[in-house]
Amino acid sequence: MDSVGSSTRRRPTVSQHEQWMVQDQVFQIYDIFATIPHSAQTLMLELVRDKHIDYLTRGLQQLSPSFVVLDSSRPWLCYWILHSIALLGESVDFELENNAIDFLNRCQDPDGGYGGGPGQMPHLATTYAAVNSLITLGGRRALSSINREKLYTFLRKVKDPSGAFRMHDGGEMDVRACYTAISVASILNILDDELVKDVGNYIISCQTYEGGIAGEPGSEAHGGYTFCGLAAMVLINEVNRLDMARLIDWVVFRQGVECGFQGRTNKLVDGCYSFWQGGVFAILQRLRSVSGEGVAFSDAEAGDYATDSTSEGEVTNGNSSEADEPDHFKQGVDHGEMVPPFHSMALQQYILLCSQEQDGGFRDKPGKARDFYHTCYCLSGLSVCQYSWSKDEHSPPPTRAVLGPYSNLLEPVHPLYNVVLKQYHEARDFFSS
Ligand SMILES: CC(C)=CCC/C(C)=C/CC/C(C)=C/COP(=O)(O)OP(=O)(O)O
Ligand SMILES: [Zn+2]
């Protein structure tokens, strides 16, 4: 997939032939890898950091106000590029940082929220992208540029009487809108009962018979929306209302023989689902009840709503009993380590060998071109994989958790917001005072 926007109500089916073509390409890469000497294998698995930084920095430089391509997506481009750079442990120079802050400020509507470009109507997707970009940049200038009071007014404006959110005033209502609204409200510390009211009802109405979550009631379960729905439910402390057993069942079967994830049943593998589906696992791994310890999200990482363990917020794993919990969530939870409930090594292999471009950037699959969206979500997924053995943020991953040289290690992300953990903590401190 190459957008964060379309709907999944009707879909073209993928033919068996298409599946085989992709599998053929992927297996050819793995065959070559299997037959080359060890030293060449190490090289193939290396994250080409400098090339990625070059590609990303050039992208940011081109993102000047006169850059008209994908005009309504510029806050997204900012986020994809800045977050990728942060994941690689780098920062941007002073001038680029200032340009980004000024540009995003010009996208901020006087009545709250951010549009896709200066003077454009505020929209939840670009608001999420702008807020996450500014949090990723960090520092007083970036963080204080967000008008939280007006943003709250905008969020109330796009809240539907049913409880769900609309992408913009009078716009479409879906799980993406619910997540982006709750995510920005939570990270900016403006989430309250009015914003939370009944949003959980809408999200549970989108969980399908397959177990994953769809964009709207009656649509098809999809990784992007499953991430959004699950993260939002954790942030509002209502994750217990989802049928977790079915959700887990659905997501584990989305990792295919190609080693990467597909977004939905019978569709093709794609690098961006390394985060949308991988992020679902990262969230699940931090739900203490699922790892046998009780309630909600681990304190150090969650917002107030998620740590507020009222009896209503207790996680019961949906319709399943404790005895029905899958064993892989209970194994190996010891000495700061846990066993990931997906094939983390296989996913790292897909990202590094099939999605990574040797000239920098990442792509959906072999044969496709690199882009900033796939670069952001392949790197986010790679980070999720590398930290999937760590029980908490204080334990660095063991060497065996990182495929390729240990220098491939990225920064950890907060899986509910998809910002680098360090930047999340800075924002949390800043907005709590
Ligand atoms: C935070 C935020 C805004 C998140 C967006 C989440 C997200 C990625 C939603 C999925 C959108 C979608 C309809 C993809 C299907 O595309 P496709 O048919 O091209 O791909 P497919 O064949 O892989 O399903
Ligand atoms: Zn994709």
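Me: Is Cys 259 buried or exposed?

Reply: The model is predicted, so local features need pLDDT of at least 70 and side-chain atom pairs count only at pLDDT 80 or more, while totals for chains, interfaces and linings use all residues. Residues are numbered from 1 along each chain as its sequence is written, chains are lettered from A and ligands numbered from 1 in the order in which they are written, and side-chain values use heavy atoms, with hydrogens and water left out. A residue is called buried under 20% relative accessible area, exposed over 50% and partly exposed in between (1.4 Å probe, protein chains only). Cys 259 has 14% relative accessibility and therefore counts as buried. Its place is the loop between helix 13 (244–252) and helix 14, and its phi is positive, about 90°, although Cys 259 is not a glycine.

Me: Where is Asp 198 found, and what is its phi?

Reply: Asp 198 is found in the loop between helix 10 (193–196) and helix 11 (199–205). Its phi is near 65°, a positive value in a residue other than glycine. With a relative accessible area of 30%, Asp 198 is partly exposed.

Me: How many helices and strands does the protein have?

Reply: Helices (H or I, at least four residues) and strands (E, at least two) are DSSP runs, numbered from the N terminus. The protein has 18 helices and two strands. Of its 433 residues, 59% count as buried.

Me: Which residues of helix 3 are buried, and why are they on the same side?

Reply: The buried residues of helix 3 are His 52, Ile 53, Tyr 55, Leu 56, Gly 59 and Leu 60. They cover an arc of only 165° around the axis (taken from the directions from the helix axis to the C-beta atoms), which puts them on the same side of helix 3. They pack against helix 4 (74–87), helix 5 (94–107) and helix 17 (372–386).

Me: How is the packing of two helices described?

Reply: Two packed helices are described by the angle between their axes and the distance between the axes. Axes are lines fitted to C-alpha atoms, for helices over the stretch in contact, and angles run from 0 to 180 degrees between N-to-C directions. Here, the axes of helix 6 (residues 124–137) and helix 9 (residues 175–187) come within 9 Å and cross at roughly 35°. Contact means heavy atoms within 4.5 Å; among the residues that make it are Tyr 128 and Val 131 of helix 6 and Tyr 179 and Val 184 of helix 9.

Me: What describes a pair of aromatic rings?

Reply: Such a pair is described by the distance of the centres and the angle of the planes. Rings of Phe, Tyr and Trp (its six-membered ring) pair if their centres lie within 6.5 Å; planes under 30 degrees apart count as stacked, over 60 as edge-to-face and the rest as tilted. A search of the whole structure finds 19 aromatic pairs. Phe 281 and Phe 342 form a stacked pair, 5.0 Å centre to centre with 25° between the planes. Phe 281 lies in helix 14 (residues 273–286) and Phe 342 in the loop between helix 15 (304–307) and helix 16 (344–355), so the pair ties together parts that are 61 residues apart in sequence. Phe 281 counts as buried at 0% relative accessibility, and Phe 342 counts as buried at 8%.
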